Amino acid sequence: MGEEVDVLVVGAGPAGSTAAAALAERSLRVLVVEEHEAVGYPVQCAGLVSSRVLALAGSERFVLGAVRGATIFGPGRAKVTFRAPEPRAFVIDRAGLDRHLADRAARAGARFLTGAKFDRLERDGSGPPTSVLRHSDGSESTVRARLTIGADGVASAVARAHRLRRPVEILPAFESEVADGGGDPAEVEVYLGRSVAPGLFGWSIPDQAGGARIGVAATPDGTSARAYYGRLLERIEAGRGRTLRAPTSFLVSGIPIGEVPRISGDRVMLVGDAAAQVKPLSGGGIYTGMRAARLAAEVAGAALTEDDLSARSLSRYDAGWRAALGAEFDRASYLRRLFLRLTDAELESIVRALDRAELTGTIVAFGDIDFPSGVAMALLRQSPSLVRLFPKALGALWGRGAGRSPDLEPGPRRQAT
Ligand SMILES: Cc1cc2nc3c(=O)[nH]c(=O)nc-3n(C[C@H](O)[C@H](O)[C@H](O)COP(=O)(O)OP(=O)(O)OC[C@H]3O[C@@H](n4cnc5c(N)ncnc54)[C@H](O)[C@@H]3O)c2cc1C
């Protein structure tokens with residue numbers, strides 16, 4: 001007979017530990033299992049977040065520095081720089097964030113088991129199913145949980161075991177820390193273009209110690225993310241006018257983009273990358289995953305009290321998620337479809353068109369890394385040269401199916417960062 005708990009959280013990333021803390025605070029028996037021996041490692045992230053993440057985490061101790069702006073490089077020579085007077089994003093020690101969130105959950109009463117991987121489900125009758133864990137020494141143990149929260153990232157074994165469909169696009173990503181790769185420490189760099197990163201972008205994020213986290217994520221098209229990374233590095237070296245020191249480590253991972261039709265089912269909920277709660281325009285998922293984890297924990301807490309863990313009861317989480325971030329994700333997905341149709345020449349002319357004081361002013365006024373669709377819509381309204389894209393916008397609208405409005409007039413929202 002294995003262990004019995006109220007909630008089994010699979011995965012001790014930001015989403016899992018946030019859900020675990022919120023549920024343990026309600027005096028529920030919460031077990032978090034993490035396949036790696038140490039929470040936070042290996043790091044698979046560039047670690048750029050908004051102040052909302054610091055607020056949700058209730059701490060700033062993992063912050064390495066602030067950035068105030070960005071330079072966006074087009075596929076050719078065009079570039080545009082914008083800079084805000086105040087910090088707009090924070091470079092963090094990502095492993096430090098994960099450890100802080102796990103410590104907070106443990107202090108609230110959640111139990112962590114590391115080196116323990118959720119392997120499969122065994123169903124015997126109508127009660128809670130049994131989760132089989134595989135430990136790093138090869139042994140197995142079982143847990144019976146009234147509710148399982150799948151916070152197990154891009155490849156979610158929990159989603160598979162509970163038969164929740166995830167028809168998402170997974171963008172391969174490749175990143176390295178380059179010790180002397182830094183540009184301006186107050187600025188991130190974004191590189192656009194089909195030869196650098198078709199389907200998303202390349203980035204250089206100052207690590208606040210003279211180096212940079214240089215990486216790329218791209219639509220799979222036969223060229224590996226590593227090869228795109230090599231091209232990006234050459235481009236950055238050309239821009240810096242020097243050869244950079246060889247990186248000592250790399251990370252290879254994937255970014256899930258798309259809509260998961262159901263993020264809950266009988267006795268199960270998915271949060272974070274497992275639910276593809278990743279911003280479609282940037283691939284960032286720390287804020288959205290933590291936000292979703294809070295929403296999931298609220299619904300889970302009530303459902304456990306009512307002892308109704310049916311798919312219907314837990315679908316309040318799906319509705320809560322849609323209400324909180326659905327409109328932003330719809331707009332951003334629409335803009336992403338538009339972005340995917342752009343040729344390099346069009347991207348280049350957009351970057352050139354943006355390099356005007358009134359437009360960079362709009363970017364500074366409305367730019368928000370968690371809600372990027374607001375500034376994109378404001379720019380589309382403001383600039384006649386960007387409006388030339390509208391025939392393509394209509395094409396993208398048809399591509400998303402009849403009857404759903406792309407909502408081209410949402411009105412820019414200024415979000416405090
Ligand atoms: C290269 C790259 C750069 C990124 N940069 C940023 C950025 O700058 N800002 C941003 O906001 N987002 C960024 N992201 C996205 C961000 O990293 C993710 O959205 C975020 O980590 C999702 O959190 P999570 O808790 O859902 O999943 P994860 O952080 O992936 O955590 C999942 C956890 O589950 C564990 N696990 C997996 N399977 C099992 C199993 N079967 N049993 C037990 N444990 C398991 C894993 O070991 C892991 O610890 C980046 C992603 C990549 C790939």
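What share of the contacts in the protein with a separation of 6 or more is accounted for by residues 24 or more positions apart? Such residues account for 71% of these contacts, a contact being heavy atoms within 4.5 Å. The model is predicted: local features need pLDDT of at least 70, side-chain atom pairs count only at pLDDT 80 or more, and totals for chains, interfaces and linings use all residues. Residues are numbered from 1 along each chain as its sequence is written, and side-chain values use heavy atoms, with hydrogens and water left out.

The protein has twelve helices and 18 strands, which are DSSP runs numbered from the N terminus (helices H or I, at least four residues; strands E, at least two). Its radius of gyration is 22 Å, close to the 22 Å that the globule rule gives for 417 residues, so the protein is as compact as a globular protein of that length; the radius is taken over C-alpha atoms, and the rule is 2.2 Å times the number of residues to the power 0.38. Of the 417 residues, 54% count as buried (under 20% relative accessible area, with exposed over 50% and partly exposed in between; 1.4 Å probe, protein chains only).

Several loops hold backbone features of note. Between β2 (30-34) and β3 (48-49) lies Pro-42, which a cis peptide bond joins to Tyr-41, with omega about -5 degrees. Arg-163, in the loop between α4 (157-161) and β12 (169-178), has a positive phi of about 55 degrees although it is not a glycine. This Arg-163 is exposed, with a relative accessible area of 69%. Arg-267 lies in the loop between β17 (264-265) and β18 (268-270); its phi is positive, near 60 degrees, and Arg-267 is partly exposed at 22% relative accessible area.
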